Amino acid sequence: MQPLRLLLCFCLVLSLLPILAKSITDPGDYAILLAFQSSLDNPEILKWPSANKDPCGPPKWPHVFCEGNRVSQIQLQNLGVSGTLPANFTQLSMLSNLGFQNNKFRGTLPSFRGLTNLKYAFLNGNQFDTIPSDFFGGLTSLLDMSLDENPLNETTGGWTLPADLADSSALVNLTLVNCGLVGPIPDFLGELSNLDMLQLSYNNLTGMIPSSFAGSNIKVLWLNNQVASGLTGPIDVITQMPFLTDVWLHGNSFTGPIPDSIGALTALTRIWLNNNQFVGLIPSNLTSLPSLQDLKLDNNLLMGPIPSVKYNFTFSGNSFCASDQGVPCRDDVTALLGFLHGLNYPAQLDSSWSGNDPCVGDWRGIICSSGKVVAINLPNLRLNGTISPSLGNLVGLIDIKLGGNNLTGQIPANLTNLKSLKFVNVSSNNLAPPVPSFPNGVTLLLANNPLIDKTASPNTDPSTTPGTQSSSPSNGKAGNGNQRTSKKTNVSVIIIPMVAAGLIAISLVGFLFYYKGKRRKASALMPETSVVVHPRDSSDPGSNSLKFVVANGSNANTPLSESSGNSNVHVIEAGNFIISVQVLRNATKNFSEKNVLGRGGFGTVYKGELHDGTMIAVKRMEASVVTNKALDEFQAEIAMLTKVRHRNLVSILGFSMEGPERLLVYEYMPQGALSKHLFHWKQFELNPLSWKRRLNIALDVARGMEYLHNLGQQCFIHRDLKSANILLGDDFRAKVSDFGLVKLAPDGKYSVATRLAGTFGYLAPEYAVTGKITTKADVFSYGVVLMELLTGMTALDESRVEETRYLASWFTQIRTDKQKLKESIDLSLDTSDEETFASICTVAELAGHCAAREPYQRPDMSHAVTVLVPLVEKWKPAKDESEEYMGIDLHLPLLQMVKGWQDADVSGTTASTDMSGTCSIVSLADSKGSIPSRPAGFAESFTSADGR
Ligand SMILES: *[C@@H]1O[C@H](CO)[C@@H](O)[C@H](O)[C@H]1NC(C)=O
Ligand SMILES: *[C@@H]1O[C@H](CO)[C@@H](O)[C@H](O)[C@H]1NC(C)=O
Ligand SMILES: *[C@@H]1O[C@H](CO)[C@@H](O)[C@H](O)[C@H]1NC(C)=O
Ligand SMILES: *[C@@H]1O[C@H](CO)[C@@H](O)[C@H](O)[C@H]1NC(C)=O
Ligand SMILES: *[C@@H]1O[C@H](CO)[C@@H](O)[C@H](O)[C@H]1NC(C)=O
């Protein structure tokens with residue numbers, strides 16, 4: 001029996017073996033589960049029976065699922081399990097589904113590398129703080145991975161998705177919301193061809209959406225709310241993701257327009273683009289998407305009308321032209337936005353082009369008159385794109401300046417229908433033929449458009465287009481193709497006689513532009529003017545001047561004081577420098593008293609700051625003094641300033657003429673007038689100017705004046721040089737300002753009636769007496785300024801004793817006496833140093849020379865430059881030149897001097913008529929101020945003498 005029992009037992013065991021073998025869990029997996037269990041703080045939650053050493057069962061352990069004797073799933077979601085995962089956890093190599101979401105796991109994640117069976121891994125909603133860099137290696141079966149809501153940046157400050165994840169080519173869902181990702185979105189995500197859902201919200205991602213996303217099959221794309229600056233760049237790439245249904249891009253720094261091509265996303269049901277920096281119009285391609293149910297566009301820089309749609313739509317916080325849905329923009333705004341669209345909404349423009357009126361607020365580059373857009377002034381801004389035909393809807397356009405950009409495509413043919421159009425500058429771009437045929441009155445500048453240059457332009461007369469200039473070697477930079485083309489062009493003021501004025505009686509309160517037809521076209525190519533609607537562009541060499549005819553509405557019957565006695569139209573010739581009054585109002589805090597820099601005869605000068613931080617000085621004519629005379633000054637100054645450009649001459653940045661306002665905008669000179677530093681430095685708690693600084697100032701002024709006197713073939717006379725008109729920059733370098741009285745001297749062939757002007761104390765005697773002015777009158781004034789620099793005394797001070805009242809006469813007198821000279825020198829200068837004193841003597845001599853009694857005895861400004869350059873450069877001791885001073889009676893106060901010369905001149909002295917080599921004009925002195933009046937008939941006789 002014994003053997004039989006044994007046999008039976010054996011058989012029983014044998015027959016049971018397969019069953020036993022099947023149900024006994026892999027000992028390795030069992031050991032790992034125990035290790036896992038023991039790493040938990042609250043293992044009791046698992047209810048894993050310690051008596052049952054067979055997790056796969058039966059009966060199997062709760063939450064554990066096996067395939068055969070291998071653990072394939074652990075599902076612990078939402079149990080409140082707390083603890084860490086042991087590093088050997090991933091020896092559960094047959095794991096295919098892990099549900100650990102929403103527990104309290106913490107610490108370092110074990111590497112999942114090599115879990116080739118893992119399909120689902122839900123680790124979201126825990127406290128894992130570190131992820132090993134090889135975590136994703138070889139997860140070739142992965143379908144769905146979530147690490148949402150884990151502080152994986154806690155220890156490292158952030159992590160990036162390892163490229164290993166690219167092995168998971170089957171991946172369908174990847175959700176990594178708020179899990180500490182930093183850096184750019186990896187390219188390989190766009191190449192995971194099965195990826196349906198990518199959620200990367202609330203991380204610290206930066207950079208653009210990778211271009212590899214084009215063609216991806218992703219349906220759900222969440223990139224919203226990156227915690228720092230966020231994702232950037234345009235979003236065009238998503239328009240090539242045709243399966244997108246749900247797109248969250250809000251809370252980033254995306255830029256650029258919403259592309260029209262978004263119309264391709266026909267499956268899109270929800271798109272949130274709010275809280276970015278999208279610009280431009282809302283494309284109808286977007287709002288009309290067939291499946292769209294939910295659109296958020298709030299807090300961007302979007303423009304144009306607000307579409308009216310039936311689904312969920314939010315749009316607040318943009319720059320729309322209207323506040324209600326479905327309300328269209330004004331026609332001109334629509335046209336301008338269309339234009340902006342063609343240029344891909346350049347950042348420089350779209351931030352300032354807002355609202356529903358381009359004539360209100362700061363529409364950079366847009367110039368209005370009487371509420372109509374008359375000019376588009378956007379040269380040299382690196383604008384990219386095409387010229388939109390929508391410009392053809394701006395019926396008031398006179399002037400289009402787009403030179404020096406990177407415009408492509410063709411010039412829209414409909415621009416030729418613009419009735420008022422006079423001037424189109426599209427030179428230095430990349431435009432293509434054909435060029436439409438503009439009517440005769442339109443000046444078209446096309447130079448430096450390589451595609452057009454090759455083909456002859458159909459309607460443009462080569463003499464009026466600078467096309468021939470394009471080969472000029474000086475044309476290195478974009479935008480200057482039309483510079484200096486007309487050096488010989490006689491740029492002259494257009495004078496509209498009274499009779500004709502009636503015909504052109506377009507009585508604008510502001511101004512209108514006028515071109516004198518074909519023959520005058522070339523004069524539009526005046527050199528050296530810059531288009532500055534925005535002073536940052538003042539270096540722009542590519543623009544051209546315009547002529548403005550200003551109807552003088554308020555004083556229509558008052559004859560002009562110069563140029564034409566029988567005209568009621570003021571004529572200004574100027575570059576296109578118009579700045580809107582509103583901009584200047586904003587810049588000067590509405591002409592606040594606090595911003596006043598100074599006051600002069602024609603108005604007040606204000607300090608201003610443009611929105612980009614550029615400081616400006618704005619001269620505003622008082623409304624009460626906008627008389628003909630003041631207008632003349634204003635116009636003369638604009639005309640002048642547009643011609644002169646020199647680093648020692650204060651440059652004009654623009655001007656405004658709107659309604660009664662007459663405003664001139666200059667570069668801001670932070671240290672103010674030289675007079676302040678010479679005479680009032682104590683009062684303003686300034687340091688006195690050192691000798692070195694004074695020398696530099698003297699030289700700067702000499703250079704500026706030299707330039708003025710020898711401007712090309714023309715000759716300008718400042719007429720009012722004085723220390724109050726010499727302005728200092730932060731480096732104490734000087735610029736001459738106030739060109740209101742500047743005269744263009746005709747070349748002596750004829751004379752122009754003008755009035756005596758200038759400031760007493762600086763006035764050259766012969767000018768005061770005869771009204772005849774030459775550049776030598778400026779040289780005299782310059783001499784007086786030098787004396788002020790030397791002595792620290794003002795040119796004229798009624799409160800001084802008679803002897804010293806007129807600086808010019810007193811200083812000339814004492815100058816030759818070394819001791820007296822030394823005593824006269826400004827006390828704040830140290831004359832004990834020999835080198836300095838030698839330098840002072842040289843300047844004193846130059847001052848005397850310049851203020852010589854007879855104009856012909858005075859040197860040219862170039863001489864002053866020659867004298868000063870070596871002093872400034874090395875403090876060379878000046879050599880003692882022989883006395884050249886030949887003045888007479890200079891100890892007399894100026895009034896007496898003037899009287900004496902007047903008598904002498906009347907009695908027939910002709911010395912001052914010898915003006916060879918000096919340009920001159922004859923002024924009819926008016927009898928204003930304390931200037932002695934001329935004997936009747938004197939000027940006339942002088943005029944005829946000069947005209948012989
Ligand atoms: C797994 O690791 C834990 C500690 O992390 C250790 O106690 C245990 O013995 C390990 N088990 C195996 C099977 O390696
Ligand atoms: C991906 O996620 C979606 C939405 O949660 C779900 O319906 C789908 O079953 C998931 N697919 C996979 C493969 O996990
Ligand atoms: C981790 O990221 C979160 C937001 O994703 C952030 O609030 C937190 O400050 C970051 N922590 C560290 C240590 O960087
Ligand atoms: C985002 O990441 C940057 C650098 O990658 C880091 O300097 C910054 O602190 C992070 N911001 C947050 C909120 O985590
Ligand atoms: C969207 O609009 C543009 C023009 O506005 C058009 O050319 C384009 O074909 C439209 N549709 C799509 C799907 O891009």
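In this predicted model, ligand 1 is surrounded by Ala31, Ile32, Ala35, Pro86 and Asn88. On its own, ligand 1 has 360 Å² of accessible area, and the protein covers 38% of it.

Most residues other than glycine have a negative phi, and most peptide bonds are trans.

The peptide bond from Pro433 to Pro434 is cis, and its omega is near 0 degrees. On the way from strand S28 (423–425) to strand S29 (443–445) there is a loop, and Pro434 lies in it.

His63 is not a glycine, yet its phi is positive, near 70 degrees. This histidine is found in the loop between helix H2 (27–38) and strand S1 (64–67). His63 counts as partly exposed because its relative accessibility is 22%, and buried would mean under 20%.

Asn102 is likewise a residue other than glycine with a positive phi, here near 60 degrees. The loop that holds Asn102 runs between strand S4 (97–99) and strand S5 (104–108). With a relative accessibility of 38%, Asn102 therefore counts as partly exposed, a class that lies between buried, under 20%, and exposed, over 50%.

Technical notes: Residues numbered from 1 in each chain as written. Chains lettered and ligands numbered in written order. Predicted model: local features only at pLDDT ≥ 70, side-chain atom pairs only at ≥ 80, totals over all residues. Heavy atoms only, no water. Near = heavy atom within 4 Å. Areas by Shrake-Rupley, 256 points an atom, 1.4 Å probe, with all protein chains shown as cover. Helix = DSSP H or I, 4+ residues; strand = E, 2+ residues; numbered from the N terminus. Buried < 20%, exposed > 50% of the residue type's maximum accessible area, 1.4 Å probe, protein only.
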